[in-house]
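Please keep the sequence and the model in view while reading.

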Amino acid sequence: MAQLLHHPLASHILTHLRDKTTKPATFRTLAHQIGIMLALEATRDLPTGVKTIETPLEQIDGTVLEETLVVVPILRAGLGMLQPYTDLFPSVSVGYVGLERDHDTAVARSYYCKLPSVEGCRVLCIDPMLATGGSAVQAVQILKDYGATDIRMVSIVSAPEGVETFESAHPDVPVITAAIDRELNDQSYILPGLGDFGDRLFDT
Ligand code: PRP
Ligand code: URA
């Protein structure tokens, strides 16, 4: 079962992302803002360790992150969710998987891949739209083939059909999402959705 981000601010941001009158500059800001909330949700179970430090007053056993994080946006729309990870996690490494859906068949074609070392890392695959699930399934397979074992799939809007497809292909990879919408239309766009995320983000 997908892990749904529950927060009034997330619902507020989503409404403005969905609004067709929202212009690219605002759309980018909103994608960044909800991206921060999703990044925190997707990392709330990161392992931590103890680090003994001296405050100006006394010694304490503090808490520090133990696992290195790798974030992998699916190009191109995933780029709109990347900055929260580089802002929040000091030692994050960034990989890229380039996938593009064919307009007629909705089947994703891979055109680029560049990944850092993933050994011992939590790997977060980020893509705002999980529609048929084809792109997410392919991207996560690429990450597994590369050696990743601790993976999360993070999206902003998902279709129930896509979540089901993804979970059957990768039952070991949790999906974290801000919304599970009603259905896909005949062109495999999410309803009510928000349209083509990449086009709205980059004004194409
Ligand atoms: C969009 C989106 C996902 C994919 C989701 O990308 O960002 O990657 O579609 O659809 P799926 O679940 O049916 O595979 P698109 O292929 O339009 O490319 P873009 O990011 O370059 O706009
Ligand atoms: N990709 C998008 O950008 N939007 C959809 O609704 C489906 C796939």
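The model is predicted; local features require pLDDT of at least 70 and side-chain atom pairs pLDDT 80 or more, while totals for chains, interfaces and linings use all residues. Residues are numbered from 1 along each chain as its sequence is written, and chains are lettered from A and ligands numbered from 1 in the order in which they are written.

Over residues 5-204, the chain is 32% helix and 32% strand, with 29 Å between the end C-alpha atoms. Helices (H or I, at least four residues) and strands (E, at least two) are DSSP runs, numbered from the N terminus.

Strand β8 (residues 121-126) is mostly covered, with six of its six residues buried. A residue is called buried if 20 or more other C-beta atoms lie within 10 Å of its own, exposed if 12 or fewer, and partly exposed in between, with C-beta atoms placed from the backbone. On one side of β8 the buried residues are Cys-121, Val-123 and Cys-125, and on the other they are Arg-122, Leu-124 and Ile-126.

Strands pair if DSSP finds at least two bridges between them. β8 pairs with β4 in the parallel sense over six bridges, and Ile-126 in β8 is the bridge partner of Pro-73. Five bridges also join β8 to the parallel strand β10 (residues 150-158), where Met-153 is the bridge partner of Cys-125.

**A helix residue beside the strand residues**

Ala-42 belongs to helix α2 (residues 24-42). Why does Ala-42 count as buried? Ala-42 counts as buried because it has 25 C-beta neighbours inside 10 Å. Leaving aside neighbours within four places in sequence, Ala-42 is in contact (C-beta atoms, placed from the backbone, within 7 Å) with Leu-124, Arg-152, Val-154 and Ile-176. Its C-alpha atom lies 13 Å from that of Phe-89, which is 47 residues away along the chain.

**Ligand surroundings**

A residue is taken as near a ligand if its C-beta atom, placed from the backbone, lies within 6 Å of it. Ligand 1 is surrounded by 22 residues, the closest being Ala-77, Arg-101, Thr-132, Ser-135 and Gly-198. At least two residues of this shell come from each of β6 (96-101), β9 (129-130), α4 (134-146) and α6 (197-202). The residues around ligand 2 are Met-129, Ala-131, Tyr-189, Ile-190, Gly-193, Asp-196, Phe-197 and Gly-198.

In the table, Ala, Val, Leu, Ile, Met, Phe, Trp, Tyr, Cys and Pro count as nonpolar, Asp, Glu, Lys and Arg as charged, and the others, Gly among them, as polar.

| Shell | Nonpolar | Polar | Charged |
|---|---|---|---|
| Ligand 2 | five residues | two residues | one residue |

**Backbone features**

A cis peptide bond, with omega about 0°, joins Leu-75 and Arg-76; Arg-76 is in the loop between β4 (68-75) and α3 (83-88). The bond from Leu-191 to Pro-192 is also cis, with omega near -5°, and Pro-192 is in the loop between β13 (190-191) and α6.

Ser-188, although not a glycine, has a positive phi of about 65°. Ser-188 lies in the loop between β12 (183-184) and β13 and is partly exposed, with 17 other C-beta atoms within 10 Å. Asp-203, likewise not a glycine, has a positive phi of about 60°. Asp-203 lies in the segment after α6 and is exposed, with 10 other C-beta atoms within 10 Å.

How values were computed. Two residues are in contact if their C-beta atoms, placed from the backbone, lie within 7 Å.
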